[in-house]
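The entries follow the order in which I checked them.

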Amino acid sequence: MSGAVVSHWVVHSHRFETNAATREPAWVKRLLIAIALAFFALFLLLPLATVFAEALRRGWVVYFAALTEPDARSAIKLTLLVAAIAVPLNLVFGVAAAWAVAKFNFRGKQLLTTLIDLPFSVSPVVAGLMYVLLFGSQGWFGAWLLQNDFKIIFAMPGLVLATVFVTVPFIARELIPLMEAQGREDEEAAVVLGASGWQIFWHVTLPNIKWGLLYGVILCNARAMGEFGAVSVVSGHIRGRTNTMPLYVEILYNEYNFAAAFAVASLLALLALLTLVVKSVVEWRGQQQLSADQEAT
Amino acid sequence: MRPGKRHRVLPGFPLALGYTLFYLALIVLIPLSAVFLKSATLNWEQFWSTVSAPRVVASYRVTFGTALLAAAINGVFGLIFAWVLVRYSFPGKRVVDALVDLPFALPTAVAGIALTAIYAGNGWLGQWLEPLGVKVAFTPLGILIALTFIGLPFVVRTVQPVLEDLDTELEEAAVSLGADRWQTFRHIVLPALLPALLTGFALAFARAVGEYGSVIFIAGNVPMVSEITPLLIISKLEQFDYAGATAIAVVMLVVSFVLLFLINGLQIWTNRSRER
Amino acid sequence: MKFAVPIRALLGVAALWAGIAQADVTLLNVAYDVTREFYKDINAAFIERWQKTTGERIAIEQSHGGSSKQAMSVASGLEADVVTMNQATDIDLLARSGVVAQDWRKRFPYDSAPYTSTTVFLVRKGNPKNIRDWDDLTKPGIAVIVPNPKVTGNGRYTYLAAWGYAIKKGGDEAAARDFVTRLFRNVPVRDGGGRGATTTFTQRGMGDVLVTFENEAVLIERELGTGQFDVVYPSISVRAEAPVAVVDKVVDKKGTRKQAQAYLEFLYSPEGQEIVARHFYRPRLDAVMQRHAGQFKPIQLFTIDEVFGGWAKAQQAHFADGGMLDQIMVNR
């Protein structure tokens with residue numbers, strides 16, 4: 001495996017296109033691009049355009065009014081806060097799980113990866129219901145929680161738990177195939193050279209996986225902010241207090257406030273796009289760094 | 001790579017595995033056991049009659065059938081998508097790349113409403129499809145569209161980093177040995193991508209099985225035809241029938257677990273056979 | 001337990017930001033959806049009244065969602081001081097879970113339902129299919145959009161209204177079943193929940209008639225396109241009673257019984273009833289009803305108790321799994 005791949009395809013796809021060995025005939029290339037773009041238009045662009053068209057149907061004034069309303073602002077804050085807690089938790093887990101699964105062979109690996117995938121297949125409503133069964137006033141820990149006046153569901157901790165559950169697999173599953181593809185030769189070489197575990201991780205593994213990791217974080221974050229079903233069960237829907245953005249969207253929609261509902265939804269889409277802008281900036285700086293290093297040598 | 005004990009020279013295995021198991025137990029296993037125990041408050045006959053009612057069985061078919069099909073569609077198109085994004089440059093690529101994650105960011109209900117608006121009889125696309133005899137909204141085809149939408153990023157984003165990291169030397173070697181482009185892809189590139197592709201497939205499938213919000217708007221929810229299992233769970237909850245709801249949830253969980261277990265086994269197997 | 005402190009602090013900040021922290025007492029009203037505008041007005045009026053009479057500053061938080069789902073949340077520990085639902089079974093659940101008194105129906109006048117609505121038809125402008133009454137919905141070629149009775153209170157009222165109509169017209173159980181079966185044969189799609197049916201009818205352009213609550217029909221007419229739809233009143237329909245209750249377990253713990261009681265009583269006051277009527281719910285006070293007679297067409301209304309022997313029985317016979325509704329839906 002070639003060592004640290006800092007380059008990125010957005011800029012470096014020409015390294016494939018200029019190489020006769022990794023290049024397809026022009027018609028194949030055009031066909032594939034056409035298929036991808038058609039699929040893109042049909043499945044991604046059109047829904048997004050619909051959201052913005054609906055959001056702006058009553059004009060920009062209504063659009064911004066919908067976003068600056070106190071209920072909307074507190075929903076935005078809450079959503080960001082929940083994601084800010086849930087994503088780092090899953091980040092640490094994802095790295096640990098990927099390290100164990102991708103770098104080592106052990107019995108029960110198949111079982112472990114399947115368990116990591118499992119939260120996806122749990123219907124979000126059931127995911128929420130689990131926490132009601134555990135922490136609801138008639139749940140396993142309900143009486144104890146009530147006695148100690150400590151709230152989990154219908155409060156912030158419940159929202160975080162439900163969000164963590166539905167986004168558990170993202171970062172781990174993003175990293176596992178990548179780290180498997182990279183093998184363990186780089187790390188083993190570092191061991192031979194006498195590096196400690198943390199040194200290996202920081203200086204060898206992390207640079208190798210950083211784009212995969214970033215993708216995992218972006219996906220996890222997008223999903224954490226967009227999650228509806230599970231959160232809806234444990235939220236209690238208290239306006240201005242436990243309503244996240246997706247829940248707020250639903251309430252607005254149910255009140256026939258379509259323009260406002262889509263305005264908040266479009267903001268969720270924009271937040272996701274914002275994370276991708278951040279990604280591009282990080283990439284760009286990485287490349288600047290790289291070319292600076294190359295000039296120095 | 002030499003097989004054998006050598007890999008254990010890497011440190012951190014007990015810590016990484018230990019933490020992984022601890023976290024999974026806390027976040028996934030204990031809560032899921034609550035579902036199993038709740039369903040166990042039914043006796044076997046009640047459980048069986050709940051989960052084997054004809055309508056419920058029909059809904060399994062709809063749910064698992066459309067989920068597998070959608071994951072397969074995403075497998076093919078997601079691979080093309082990732083390939084195009086990594087290997088080619090074309091105008092607007094950054095935008096395309098950025099928007100792939102959209103299905104995660106949109107609340108599922110919004111996605112459902114948007115898709116229905118597009119594919120309904122009076123929608124942007126529906127008005128052209130309907131005269132051709134293609135009804136999308138309010139049919140199983142609508143479910144398929146919604147599930148394809150929510151699953152696409154999984155395949156693209158798992159294949160993309162691996163494809164990016166793929167060593168070009170192997171392809172060059174293949175070409176110098178006289179292989180044509182298709183042979184190179186078929187025998188060199190695809191096997192290297194297969195584990196990632198299978199992961200993406202598994203994730204897209206898993207996500208599709210549990211999906212509710214986006215499907216419900218476009219499905220039409222006709223019993224025995226386009227009714228998904230999660231809707232039946234919700235209607236049980238509407239009657240405050242927690243035990244019945246968890247019973248159906250348990251069946252879904254077990255089936256998904258078995259399917260995912262098989263896919264993951266396949267994935268690990270392809271990975272090992274590639275290492276040799 | 002340590003992390004409870006920062007979380008509380010964060011919630012406190014959020015509360016401050018929403019401008020409710022200055023109040024002496026805070027009530028939480030857990031309501032069914034589409035009552036936001038209504039309770040916004042009620043809350044403002046009540047807060048003012050309460051401060052005038054007692055000098056106490058009160059704040060009221062709102063939670064909105066599907067009626068049964070909201071009831072489930074309260075049963076599982078959502079700390080509502082009062083619940084305002086759209087069907088009695090939801091509060092019965094709370095009585096069974098012991099958070100609301102068993103005799104909650106007797107705590108306030110009119111079986112604890114301060115206002116009502118009824119089920120009416122919304123048709124396309126000019127009523128091109130000439131839909132006048134329930135019979136017309138069963139005619140071949142009419143596409144009827146109804147909320148899903150399996151998952152919405154609105155849908156359950158629609159179903160029961162059609163059934164009750166057949167009974168009131170002198171039919172027996174078999175005739176009613178046949179009538180409702182024919183009606184549901186004309187239902188092309190079933191929506192999941194919430195406002196699905198409304199969207200199908202208004203945005204997707206499907207169906208000739210939408211069957212829904214009177215206040216919803218007026219709201220749709222106003223919010224989604226004046227002049228696109230007409231409201232049609234059937235000759236007979238159901239009286240949909242919206243029950244309320246104080247959540248005893250919570251108010252006793254929080255010490256807010258007095259305020260919660262006064263809040264719900266306010267709904268029955270002339271001022272409260274006026275707000276009720278302004279939001280197109282049918283008020284209980286005759287004086288208020290007469291003042292708004294123009295907007296509430298007098299039609300023959302029957303109650304769930306009268307035709308079905310109460311909500312519990314209706315739920316069991318019609319909406320439980322394998323009940324009448326399931327048989328009708330599968331065999332249609």
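Before listing any residues that meet, I noted that contact means heavy atoms within 4.5 Å. I also noted that this is a predicted model.

Entry one, chain C. I looked up which residues of α8(C) meet α17(C). On the α8(C) side I found C:Glu173, C:Arg177, C:Val180, C:Thr181 and C:Phe184. On the α17(C) side I found C:Met324, C:Leu325, C:Gln327, C:Ile328, C:Met329 and C:Asn331. I sorted the residues of this contact into six nonpolar, three polar and two charged.

I then checked the geometry of the pair. Helix α8 of chain C covers residues 173-185, and helix α17 of chain C covers residues 324-331. Their axes are 9 Å apart, and the packing angle is about 50°. I recorded their crossing as right-handed.

Entry two, chain B. I turned to helix α6 (residues 108-119) and helix α8 (residues 140-165) of chain B. At what angle do they pack? I noted about 130°, with the axes 11 Å apart. I therefore put down α6(B) and α8(B) as oblique to each other. I noted that α6(B) passes α8(B) in a right-handed crossing.

For the contact, I listed B:Ala111, B:Leu115 and B:Tyr119 from α6(B). From α8(B) I listed B:Ile145, B:Ala146 and B:Phe149. I counted six nonpolar residues in this contact, no polar ones and no charged ones.

Conventions: Residues are numbered from 1 along each chain as its sequence is written. Chains are lettered from A and ligands numbered from 1 in the order in which they are written. This is a predicted model: local features need pLDDT of at least 70, side-chain atom pairs count only at pLDDT 80 or more; totals for chains, interfaces and linings use all residues. Side-chain values use heavy atoms; hydrogens and water are left out. Axes are lines fitted to C-alpha atoms, for helices over the stretch in contact, and angles run from 0 to 180 degrees between N-to-C directions. Helices (H or I, at least four residues) and strands (E, at least two) are DSSP runs, numbered from the N terminus. Angles under 35 degrees count as roughly parallel, over 145 as roughly antiparallel, 65 to 115 as roughly perpendicular and the rest as oblique. A crossing is left-handed if the near helix is turned anticlockwise from the far one by less than a right angle, and right-handed if clockwise. Ala, Val, Leu, Ile, Met, Phe, Trp, Tyr, Cys and Pro count as nonpolar, Asp, Glu, Lys and Arg as charged, and the others, Gly among them, as polar.
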